Amino acid sequence: MRVTEQQIRSEELKGAFLRHLPQRMKILLRRAERQRREGWDVNTLYLLETEFARLAEAAGRYGLPEQAAPLQALAESLQPFVLGTTLPDAAANDAIAQALEALQTPMGQAAMLEFAARAEAGASVPRRAETSGERAGYALMETPPPGYWRELGIADPEPRVPAAESVLTDSAGAPLPARADAGVASVAAAEFAPVAPPPAAPQVLLLGSDAVLHDLALHFEQDGHAVVAVENVERMIVALGGDAPPRLLVVGTRALVALPLLAPALRHARLEAGHRVALLAILEHDDLGARLDALRAGADHALPRTLGLHALLAQAEPLLKDEIGDAPYRVLVVDDDATQAAFAETVLRRAGMQTRTVVEPLATLDELERFQPDLILMDINMPGADGLELTALIREREAFVATPIVFLSGDPDTDRQYAALDAGGDDFIAKPVRPRHLIAAVGNRVRRARAAMRRGPRAAAGSEALVDRNVLFDRIARQLAARSGVTPEGGLLLIELSDAPRLRERLGLGGFDRLLQQFAAWVAAQTLSREVLAPFGPSAILLFSPQRDEAALAAFAEDLAMRVGQERFEAASALPLALSAGACGMGAGADPMALLGACERALEGARRQGVSVVRHSARAGGQHVLTALLRSALAEDMLSLAFQPLVPIAGLAATPRYQALLRLRDARGGEHAAAALLPEATAAGLLPALDAWVLKRALAVLAARRKLGTPLTLFVSQSFEVFVEVWRDGSLAQALAAAALPASSLVLEYRCESLLGDYPDAARRFADLHQLGLAVALAGVSAQTLAQPGFNELPLDFLKLAPEMARDGQARAVVAAGHARGALVIAPRVHDATTAAAFYAAGADLLQGNFVQEAGAHLDYDFVGNPA
């Protein structure tokens, strides 16, 4: 009987499931056993319950009831604690231990390993029988996608190479499970021939433990590139010495110290072996010295991680595509001396380039059309037509007006050399030339030319308005230069999808990227002619209009904001969207970066005010005044602190706790809070000075209270983005040591979003703060925060909930997670009894907000007479 394609596919899926199952079980069982011994964490509890339930469903679907039963029993033993508000006690731990033991019996884990081994060896896999689990409607278990294991903190299992040529493989190169009858094999041979080759060598190597490297890896894998993360630079050096080295190396911030060791191997791979290998270095901050060090080590780009994932991808993807997807470089050699032409041709061919030689100068123009070179390598002094004349003729042809022309000549006359460049040449190389120099000069010119072609205007998603960001900035610069002395027409509009973290959490990285692309295409379809837009940052697009001014662009954004909620995008068809936007005219800055800054400040104003659109001009006057006032206040020490109590919900605190809040009073008596001051300080580069001032003033307050015999604990908000700048000179550490304060009497509070997801880096810095006797709080914590990889490694003393947690019903689980790690949980912005009751029911430890007491200049709250 002929076996259907569906049956073959079912066997493929079952084989893939069995191959992945042992490693999957190993890591999950190890995590569960460690949690049972050391104490449960609510996030890991949820992950384990979800994974065991999925495995039970899949085992039932594939006719493995012996494995499905213990897996389902274990999931059910964890489920009450996932749905409830408590963690497993001693009795529950014993029940979970029995369920774990059942999975390691001969009928459990051992049987799984046996099935997996048989699947890998291509042995007969038992036919799928209908089971009670199947009748219950078990979901189909698809082959784990690329990067699945990386999300669980481990590497993907190595693909197994077929033991013999007779083993059938699918289109991905994995062995097809054999059948006892030859029907499946014969059909598979017909349906899936030819046999796919073994997996290729990795195209991308990652070195470092930065969170952004994980995100880059997921994107590269989604694009079909083989990615491997290496533990040390030695592995990377060994890979560079192979016959097929990786095409792209990415070195994270914590591995930059290894660049000097990597540089010789990279140089050898490029120059001696002739391989094209790109290097991307990711810096901690945009530091000129660090960038120069990376570039000297051979990096093609050295970019700060603070640019964000999308900006890094925008630079990394062209490097990868240039090395993988492009055809070999095509070089046309024009020289009447056949010996010299043969020398250049031999050198370039050995470097992997395609060459064609012309020894009759007048035949060059015809050969150009046939060969379509990336670069022309030409002598100057030739009979019939010299290099200068040929260059002028070539430049007259529109198709070759930008083709690089490099002169290779032994003419010592410098005037002649300058004339060659003036005629339209791009570079001059004097004979004799070393092969390495020739390869480098030609390769660099071709690379830059191809990159320039890719950066040119290109249609995306059917719209000519969507262009590369560099093209957009070029258009802005030309508009500014075209009307010297007069404010140019036009303006910029920065549009951001609202609530991007929630959308990214719901859709995943790939889904959110598709949504942003569809959103950009939707906006582009409504633009005017000559308007262009480009992706900007992780969740925004930037539009440049040469004809619409600030008011017209703001009106356009208002219209978009009204209609985007009714629009349904394929990537997020069930999610209503909203947007925020900032608009500015061309008079808001003297260069593209200044204009972009004006747009960003307007967008920040829209976010802060909770409106769809803010015009830069509407806030510019007040902004300039406030920035000047802030500078003056820092210089003359005219800032002040207000204090708001953090009141314990149950019992009495050992010492009173207050939140220190920044305030600035202007000449008219108006008071400006931190929410208004921080954006201006950021835009003006004053944020490090502001954070340092707040810390020093808090130390002075604590020292004064200690002398009075009335110690307290102060919470001080800080910006993680400027952590290094604030602590760099050592003056704050010295002030702390001189104050000799009790441990943890000063609590530094950072916001979740300011960590940029780089939790390992934050963990190191927070540990350093603990060494100085400081406590650490993290504000804006939500259920999504807890699920992020690396969050549980942060050494935190306090968690401050996101204000919306009072309404979304997840506060109790987050509070339980905080208590499980030994942290106190703060409920912020409690302005009414309903919010207070919600946080009280969730189990929060401290309340803060106007419902308790408004912020004021005095530290006089009665913690004994007015408990929460």
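Predicted model: local features only at pLDDT ≥ 70, side-chain atom pairs only at ≥ 80, totals over all residues.
R829 counts as exposed, at 56% relative accessibility; by the convention used here, exposed means over 50% relative accessible area, buried under 20%, and partly exposed in between, with a 1.4 Å probe and protein chains only. R829 also has a positive phi of about 50°, although R829 is not a glycine.

Residues are numbered from 1 along each chain as its sequence is written, and side-chain values use heavy atoms, with hydrogens and water left out.

R829 sits in the loop between strand 24 (824-827) and helix 32 (833-842). Helices (H or I, at least four residues) and strands (E, at least two) are DSSP runs, numbered from the N terminus.

Which strands pair with strand 24? Strand 23 (residues 798-801) is joined to strand 24 by three bridges, and the two run parallel; pairing requires that DSSP finds at least two bridges between the strands. Within this pair, K800 has I826 of strand 24 as its bridge partner. Strand 25 (residues 846-847) also runs parallel to strand 24, with two bridges between them, and there A827 is partnered by L847. The chain passes from strand 24 through helix 32 to strand 25 in a right-handed β-α-β crossover; right-handed means that, with the strands pointing away from the viewer, the path from the first strand over the helix to the second runs clockwise.

S744 lies in the loop between helix 27 (731-739) and strand 21 (746-751) and is partly exposed, with a relative accessible area of 36%.

On the backbone, let me also note that the peptide bond from K431 to P432 is cis, with omega near -5°. P432 belongs to the loop between strand 10 (427-430) and helix 18 (435-455).

I turn now to the interior. A nonpolar core is a set of buried Ala, Val, Leu, Ile, Met, Phe, Trp, Tyr and Cys residues joined through side-chain atoms within 4.5 Å. The largest such core has 75 residues, of which W727, L746, Y750, F766 and L794 touch the most other members. Helix 25 (residues 687-707) gives the most to this core, with 10 residues. Leaving aside residues up to four places away in sequence, F766 touches F720, Y750, L755, V776, L794, P795 and L796, where contact means heavy atoms within 4.5 Å. Apart from this core lies another, of 34 residues, including I495, F569, A572 and L579.
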